[in-house]
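Please read these notes with the model open beside you.

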Amino acid sequence: MVLNSDGKKKPFRKAKPSNSGPVLAPAKPGLQVRAAAAKILAAVVDRKLPLDGALDNEHGNPAYKALNEGDRALARAILNATLRHLPRIDAAISLLLESPLPEGARALHHVLAIAAAQILYLDVPDHAAVDLAVEQSNQDPRNRRFAKLVNAVLRRLGREKEDVLAEINAIPVMPEWFLKRLEKAYGKERARSISESQLEPAAIDLTVKTDARSWAQRLGGLVLPTGGVRLAAFEGGIPSLEGFAEGAWWVQDAAASIPAQLFGDLAGKRVADLCAAPGGKTAQLILAGGDVTAVEQSENRIKRLRANLDRLALSGETVASDLTKYQPAELFDAILLDAPCSSTGTTRRHPDVLWVKGPDDIAKLAALQERLLRHAITLLKPGGTIVFSNCSLDPTEGEEVAARVLSDTPMLERVAIDAKRWPGLESAISRLGEFRTTPDMLEVPAGFAGGLDGFYAVVIRRVA
């Protein structure tokens, strides 16, 4: 509801086309950025293409690659804000339309969504967002006849911004299909908490080789319960920070650093890191004393892993192989299987995930994880330990996979994780002794971003 000037509620009046829509000159500053953002939003939402691929500086969307670095940063900010708030943005647009957009008017929808994200959630002047959206419409033959409607809807949105925000605030920001899965797994209240946490920007966490407290002091950071360092906001890029060039640390979300730590001391042990790239967990296993073999199917990903290890001055064997066909000459004492998954635990940094993935993807990935886990067990010595993990929030890909494998494989036993060894993260240890982090966990002092990625991890021992 909107408020009258006397404070009483009244229904939203639907916007009608204005007769005074501006006609702007071609190539207006900022137009190229908005056009690129709309094209990439269409690729993500309609064609299910990952955002990271579209924003790749070398192989990304041509409209994005044509932008200068400053404009690329703005395009990324617009897209992240749009995808994080998309259900609310859609609701805001619907509130102000006299009738739904015509079938097939997806390009028009994306223009409105990109502009609405700027008006509602970004520090962009409303008039700039409106004028550039109108210009986009005028320059697109599909949308030209709707330019006056675009002008009317967006100007109205700018005028009544606070009332619209209040009206849409209760709408969950996750797609309905995934929210229902969260509610089934965690309950409605917790699901809403996880959903809202998606709106918080992801922190930058570092895993350090030694002396986390010293590096936290030097970088103005915070030592986390995981033993890593969380950075406060800073100017410049990661490579400009002290310690990067000499390989004293690497960027790794706090939750992602947990699985490798579950082995403890690996001195003298033969260790495999399966699905190893980009190599953060491989580095942890090497530092824990293991003789590490990193296995990855893609040769390109192996090259990236080697480059990361080289920067850190760490060494381990690397193998490019299809994991389901991998047969080492000697079995391993310890195996880390951080399996491919839907990545739904990473929506704070990858807000496109829930728009490019669906229930069928989760089912297929869970089946793949089970195949990989069952094969990985065959590579483990009796008495050896395997940690199975992934960054999905959906138990279908974590708890349920582990439960099936443990239930029908007598040679295996679950090793319960001791919550007392993880002060500050006790709530992340389940009653079965498995790790289950969610993005709404981990409170930190003011000045630092809270939360961490959603992750699942279980420790399994081969007893025979």
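The points below take the pocket, then the helix, then the salt bridges.

1. Basis. This is a predicted model, in which local features need pLDDT of at least 70 and side-chain atom pairs count only at pLDDT 80 or more, while totals for chains, interfaces and linings use all residues. Residues are numbered from 1 along each chain as its sequence is written, and side-chain values use heavy atoms, with hydrogens and water left out.

2. Second largest pocket. The volume of this pocket is about 390 Å³. A pocket here is an open set of points on a 1 Å grid over the protein atoms alone, where a 1.4 Å probe fits, with protein on both sides within 12 Å along at least five of seven lines; lining residues have an atom within 4 Å of a point. The volume is the space filled by probe spheres set on the points, which are joined across faces, edges and corners.

3. Its lining. Of the 18 lining residues, Gln261, Leu262, Phe263, Gly264 and Arg421 lie nearest the centre. Strand 10 (332-338), strand 11 (380-390) and strand 14 (455-462) each give two or more residues to the lining; strands are DSSP runs of E of at least two residues, and helices runs of H or I of at least four, numbered from the N terminus. The lining divides into nine nonpolar, four polar and five charged residues, with Asp, Glu, Lys and Arg counted as charged, Ala, Val, Leu, Ile, Met, Phe, Trp, Tyr, Cys and Pro as nonpolar, and the others, Gly among them, as polar.

4. Helix 5. Nine of the 11 residues of helix 5 (residues 86-96) are buried, so this helix is largely enclosed by the rest of the structure. Buried means under 20% relative accessible area, exposed over 50%, and partly exposed in between (1.4 Å probe, protein chains only). Among the buried residues are Arg88, Ile89 and Leu96.

5. Salt bridges. The structure holds 28 of them, each a side-chain nitrogen of Lys or Arg within 4 Å of a carboxyl oxygen of Asp or Glu. In one, the closest N and O atoms of aspartate 253 and arginine 349 are 2.6 Å apart. Both residues lie in loops, and the pair ties together parts that are 96 residues apart in sequence. Aspartate 253 is buried at 9%, whereas arginine 349 is partly exposed at 31%.

6. Helices 17 and 18. Arginine 404 and glutamate 370 form a salt bridge at 2.8 Å, N to O. Arginine 404 lies in helix 18 (residues 399-407) and glutamate 370 in helix 17 (residues 359-377).
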